[in-house]
Amino acid sequence: MTTRVSRRTLLRATVATAAVAGFPLPLRAQAETFKIGVIHPVSGPLAEPGQACRIGAQMAADAINEAGGIKALGGAKLELLLGDTQTKPELGRTEAERVVSLGARMLLGSFDSGSTAAMVSVAQQKRVPFLVDIAAADPITANVARSVKEGQQKLQYVYRNFPTGSSFGRKAVQYFTEIFQEAGVTPKRVLLMYTNDLFGQNQSRGFLAAYKAASPPWQLLDEVISWPEPPSDLSTEVSRARAARPDVIAPITRPASAQLLLPEIARQRLDVLGIVGPGSPGLYEAGQIATLKEHLEYVLTSVPWPNFQNPRTRQVAAEYIERTGGKTFDTNSGYSYDAMMLVADVLERAKSTDPEAIVEAMRATRYTGGLMQYAGPVVFNEIGDNPNAVPTMIQILNQRPVAVWPKDVARRKLVFPRPKA
Amino acid sequence: MTWLALGGLAVLAVLPAVLGPYALSVFINILFYAYLGQAWNIVGGYAGQLSVGHAAFVGIGGYTAAVLAAETGLTPWVGMLAGGALAAVLGGVIGYLGFRFGLRGFYFVLLTVAFAEVCRIVASNWERVGGAVGLYITFTGDPRQMQFQDDRAWYYIALALTALATAIVWGMERRRFGIYLTAIREDETACEALGVPTFRHKLGAMVLSSFLTGLAGTFYAYRYSSLQPGAVFGIPLSVEIVIRPIVGGAGTLLGPIVGSFILTPLAELSRAWFGQGGWHGAHLIVYGVLLVAVVLFLPQGAVPVLGRLVRRAAP
């Protein structure tokens, strides 16, 4: 006798299977886990870098857990409670509340400064230590430090391991000075060009302030050229640049504007010693190099960069490629990876899950295991920022981005001035 | 009906006692967007003048309070009113230009969007108000600076604002002003022929709506701790403001509230559900599909349908 499967039975079975498969089984109660809220913009306009951050943090947590978890907490495993801000400040706050109500005892995030600022309130209000992995706006930590200093808040729960807008500027001016010195030139007509959005203004402001403070031998032109992002055409801006007769162009771009700016500079044949960016996306990513090809050759830019001299960095970068199906281990994944490793380091020293103990251990941090390029161990100053989180000057050589400055981390010798075409 | 409304209010008033911190945070968002939707409802729903630039008033309100607090130490509680007043002035200007020159339909939409964009660009380039980097509010926990150690305070502010706006709309519905607005929405030419001062009433609706929306700006600035031109003047926020009353029922008293009670939890639940499993962005698809479904199957919004169901159940 054959058993007939009727349409209805099949339908029922399918629905039942889907229902079972669709609902995750409750996680088996483990001995003890330490929950961390990991919040990034994994959907919405900044989904690409946000996802890179999330994967970086997950890889680090996996590595920590495989190595036996947090030994000082009896081998407690790290359990990540993932959140998505969609780059909306209100979701930064809501997601932080959500993960804290699910038991998160630390927060990590969140890439864009608006959502990060919204999370700061939750951290301070609920006494949850918050390590900012990426976000450059200075006030995020500075505001909290001030309110603690003025006695409005008892303790600072917010720390950041990422260059701030002003430190980006200081480092860029320093690298410019050193690179020009190395090349034996003193440009008198350096032209700053920037994309006029949150990021571009933050960067250009930091760069100009640092330039004024340092008064280096090379000189910036008074004229500064900016454009709204995304631009539809930059030929007028480049004509203006040409008229200013610059000897170095310092562009702060986004990927879309870099794709217009660099070919236009070549088309209008600006005769410059080189293109040296004070720090921006658009000048080094694999996709950009594939599109812009020779226009990016010899371009220099100051960006947070993984320290590929460290064999551990190369190993993690290889794992990252495998895990993401070919994506590059970069600023975003790298800083989030380091942040999670820092959390483990802090917990090992805190030997407790008490927020005050964690903060105390955070303040005493001297971590040297970072995969990114630092100017020294990870430490936190009185504002809660790591002064050793610095960018690296990279250059596109043979269509690959490589670290060229500071000298001790250079993987290749820098080429400046660029060869005449 | 009045008893039902008061009952609802009473339930909302005692709700924080049973809500956990996350649920409380979701309810704050629900009420905040319900309030924004209700403020928009006056001009967009009742008067039928589709403004898709209401974010401009949120931004003006928030920036005014934050700048006053930073530069003169004025408490945001007063700054909030100043922000509302300035937003009302801008609303008056937009309304005057739009209604004086008879811009209707898409032309009025474009006018409102254009003003919001101009505000965004001005704020992005004005160093004094932080430029594109924006303004960051320090968390102090001091109620005089509209900062609270306990989130329930935010809940009650949002509830009070929503109740206030709903009471205003309720009163408006019963007065000549509200009836004129509805008449203007239904047939403006006929209204004019009957001697209804349409210009004055439309302008009044715009000013009232922008004042209330301006108050929300201060709430936004202090609750979410920062103001960035893209976030508070941008089109996405304007759309968030408009879709709640549309889903709930534009031009109905409870439409914006019902709309917010449908959309905000839906966005939350789908994000929490799909986000954890690594389905990035799936919640946006769910959200979008639901919006399309509402527009296709409930073009009048949820409230008229709910009203019919209630009447059928209890004739």
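## Strand E6 of chain A and its neighbours

How many bridges join E6(A) to strand E7 (residues 220–227) of chain A, and in which sense do the two strands run? In this predicted model, five bridges join E6(A) to E7(A), and the two strands run parallel. One of the residue pairs in this arrangement is Met193(A), whose bridge partner in E7(A) is Ile225(A). Between E6(A) and E7(A) the chain passes through helix H7 (residues 198–214) of chain A, and the β-α-β crossover made in this way is right-handed. E6(A) also pairs with strand E8 (residues 248–252) of chain A, again over five bridges and in the parallel sense, and here Met193(A) stands opposite Pro251(A).

Strand E6 (residues 190–195) of chain A is largely enclosed by the rest of the structure, because six of its six residues are buried. The burial concerns both faces of E6(A): Val190(A), Leu192(A) and Tyr194(A) lie on one side, Leu191(A), Met193(A) and Thr195(A) lie on the other, and all of them are buried. Helix H7 of chain A, by contrast, includes Ala213(A), which counts as exposed because it has 12 C-beta neighbours inside 10 Å. The C-alpha atom of Ala213(A) is separated by 25 Å from that of Trp305(A), a residue 92 positions away along the chain.

## A five-stranded parallel sheet in chain A

Chain A also holds an open sheet of five strands, which follow one another in the order E2-E1-E3-E4-E5 with parallel pairing. At the edges stand strand E2 (77–84) and strand E5 (158–160) of chain A, each of which has a single partner strand, so one side of each is left without a neighbour in the sheet. On average, and with direction ignored, neighbouring strands of this sheet are turned by 25° against each other. Within the sheet, strand E1 (residues 33–40) and strand E3 (residues 106–110) of chain A run parallel and are joined by four bridges, and Val38(A) has Leu108(A) as its bridge partner in E3(A).

Two of the helices that pack on this sheet can be described by the strands they touch. Helix H3 (residues 89–101) of chain A touches E1, E2 and E3 of chain A, and its direction makes about 170° with that of E1(A). Helix H12 (residues 331–350) of chain A touches E1, E3 and strand E4 (130–134) of chain A, and its direction makes about 155° with that of E4(A).

Helix H2 (residues 47–66) of chain A has 20 residues, which at 1.5 Å a residue should span 28 Å, and its end C-alpha atoms are 28 Å apart, which agrees. H2(A) is mostly covered, since 14 of its 20 residues are buried, and just after this helix Gly68(A) takes a positive phi of about 105°.

In chain B, helix H11 (residues 235–248) has 14 residues that should span 20 Å at 1.5 Å a residue, and the separation of its end C-alpha atoms, 20 Å, agrees with this. H11(B) is largely enclosed by the rest of the structure, because 10 of its 14 residues are buried; among them are Leu237(B), Ile241(B), Val242(B) and Ile246(B), and also Glu240(B) and Arg244(B). Just after H11(B), Gly249(B) takes a positive phi of about 130°.

## Where the chains meet

The contact between the two chains involves 32 residues of chain B and 35 residues of chain A. On the side of chain B that touches chain A, two or more residues come from each of helix H2 (21–46), helix H5 (106–125), helix H10 (229–233) and helix H12 (255–276) of chain B. H2(B) gives the most to this side, with five residues.

## Backbone features in chain A

Most residues other than glycine have a negative phi, and most peptide bonds are trans. Arg245(A), however, has a positive phi near 45°; its place is in the loop between helix H8 (235–243) and E8 of chain A, and Arg245(A) is exposed, with 12 other C-beta atoms within 10 Å. Lys351(A) likewise has a positive phi, of about 55°, and lies in the loop between H12 and helix H13 (355–363) of chain A, where it counts as partly exposed with 14 C-beta neighbours inside 10 Å.

Gly109(A) and Ser110(A) are joined by a cis peptide bond with omega of about -15°, and Ser110(A) has its place in strand E3 of chain A. The peptide bond from Phe416(A) to Pro417(A) is also cis, with omega near -5°, and Pro417(A) is found in the segment after strand E12 (400–405) of chain A.

Key:
Residues are numbered from 1 along each chain as its sequence is written. Chains are lettered from A and ligands numbered from 1 in the order in which they are written. This is a predicted model: local features need pLDDT of at least 70, side-chain atom pairs count only at pLDDT 80 or more; totals for chains, interfaces and linings use all residues. Two residues are in contact if their C-beta atoms, placed from the backbone, lie within 7 Å. Two strands pair if DSSP finds at least two bridges between them. A crossover is right-handed if, with the strands pointing away from the viewer, the path from the first strand over the helix to the second runs clockwise. The expected span of a helix is 1.5 Å times one less than its number of residues. Axes are lines fitted to C-alpha atoms, for helices over the stretch in contact, and angles run from 0 to 180 degrees between N-to-C directions.
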